[in-house]
Amino acid sequence: MNTIMRKSVLSVAGLAFAGGVFAGPVAAHADPVDAKPVATAVQSGAPKPQGEQSRITLNGEQTANVKAIIAATKKAGLPERAAVISIATSLQESKLENLGHLGDANDHDSLGLFQQRPSSGWGTPEQITDPAYSTTAFLKGLKQVDGWQDMPLTEAAQTVQVSAYPDAYAQWEQQATDLVAQYWNS
């Protein structure tokens, strides 16, 4: 690259950086948008969400289940990333609803927030439908995945869940990240 072109590219990059630095604080006072704070992304060091993202509006029960997942994660002494993976997994498996037996619509004997199965050793139906217990069981499986902290969310979740749709977890990563940012310190 010749010198004139290099200086031009560097000048444009410098202006873009300076514009971002100066516009950043102004933008921070604008109306809030439905996005994760930059500080969360920098602090977590987690990979960026993969692919197209989905989002649902939560009701009171679903929000209570988010808080139960976060509380169980904290009690297990695990970081925010574990809560993000747990919440994204539950969003995919049950839309954060504590599923009981669904009759003909049931996937085998899957129950609870994570669609865990008593026949697969996850616990009794009563245990699996207890949000704290089911989250703790999921986290126990997650802790057994070498390098889960640094791998893509969908890979970590799939290793624990062994789903027929292994890539489906990724679509919930942004909403799960936002929920953890919102409720982790509350």
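The model is a predicted one, so local features are taken up at pLDDT of at least 70 and side-chain atom pairs at pLDDT 80 or more, while totals for chains, interfaces and linings use all residues. Residues are numbered from 1 along each chain as its sequence is written, and side-chain values rest on heavy atoms, with hydrogens and water left out.

Starting with the overall picture, the chain has eight helices and zero strands, where helices (H or I, at least four residues) and strands (E, at least two) are DSSP runs numbered from the N terminus. Reading along the sequence gives the pattern α-α-α-α-α-α-α-α. The chain has 186 residues, and 36% of them count as buried. Here buried stands for under 20% relative accessible area, exposed for over 50%, and partly exposed for anything in between (1.4 Å probe, protein chains only).

Next come the charged pairs. Side chains of opposite charge can pair when their charged atoms come close. With a salt bridge defined as a side-chain nitrogen of Lys or Arg within 4 Å of a carboxyl oxygen of Asp or Glu, the count for this model is two. One of these joins R55 and D178, at 2.5 Å from N to O. R55 sits in the loop between α2 (38–44) and α3 (60–75), and D178 in helix α8 (residues 173–183), so this pair ties together parts that are 123 residues apart in sequence. R55 is partly exposed, at 37% relative accessibility, whereas D178 is buried at 12%.

E173 belongs to helix α8 and R81 to helix α4 (residues 80–94), so the two link parts of the chain 92 residues apart in sequence. Both partners are buried: E173 has a relative accessible area of 2%, and R81 comes in at 10%.

Now for the way the helices pack. Two packed helices are described by the angle between their axes and the distance between the axes. In what follows, axes are lines fitted to C-alpha atoms, for helices over the stretch in contact, and angles run from 0 to 180 degrees between N-to-C directions. Angles under 35 degrees count as roughly parallel, over 145 as roughly antiparallel, 65 to 115 as roughly perpendicular, and the rest as oblique.

α4 and α8 pack at about 130 degrees with their axes 8 Å apart, and are therefore oblique to each other. Their crossing is right-handed, a label used when the near helix is turned clockwise from the far one by less than a right angle, with anticlockwise giving left-handed. On the α4 side the contact includes R81, V84, I87 and L91, and on the α8 side it includes E173, A176, L179 and V180.

The axes of α3 and helix α6 (residues 131–143) come within 9 Å and cross at roughly 50 degrees. This pair is therefore oblique as well, and the crossing is right-handed. Among the residues making the contact are N65, A68 and I69 of α3, along with P131, T135 and L139 of α6.

A closer look at I87 of helix α4 shows a buried residue with 0% relative accessibility. Leaving aside residues up to four places away in sequence, I87 touches V66, I69, I70, L96, A176, L179 and V180. One of these, I70, is 17 residues away in sequence and 8.4 Å away in space, C-alpha to C-alpha.

Finally, some backbone angles deserve a mention. Most residues other than glycine have a negative phi. L96, however, has a positive phi near 65 degrees. L96 is placed in the loop between α4 and α5 (125–128) and is buried, at 0% relative accessibility. Q115 also has a positive phi, of about 50 degrees, without being a glycine. Its place is in the loop between α4 and α5, and Q115 is partly exposed with a relative accessible area of 21%.

Definitions and conventions: Contact means heavy atoms within 4.5 Å.
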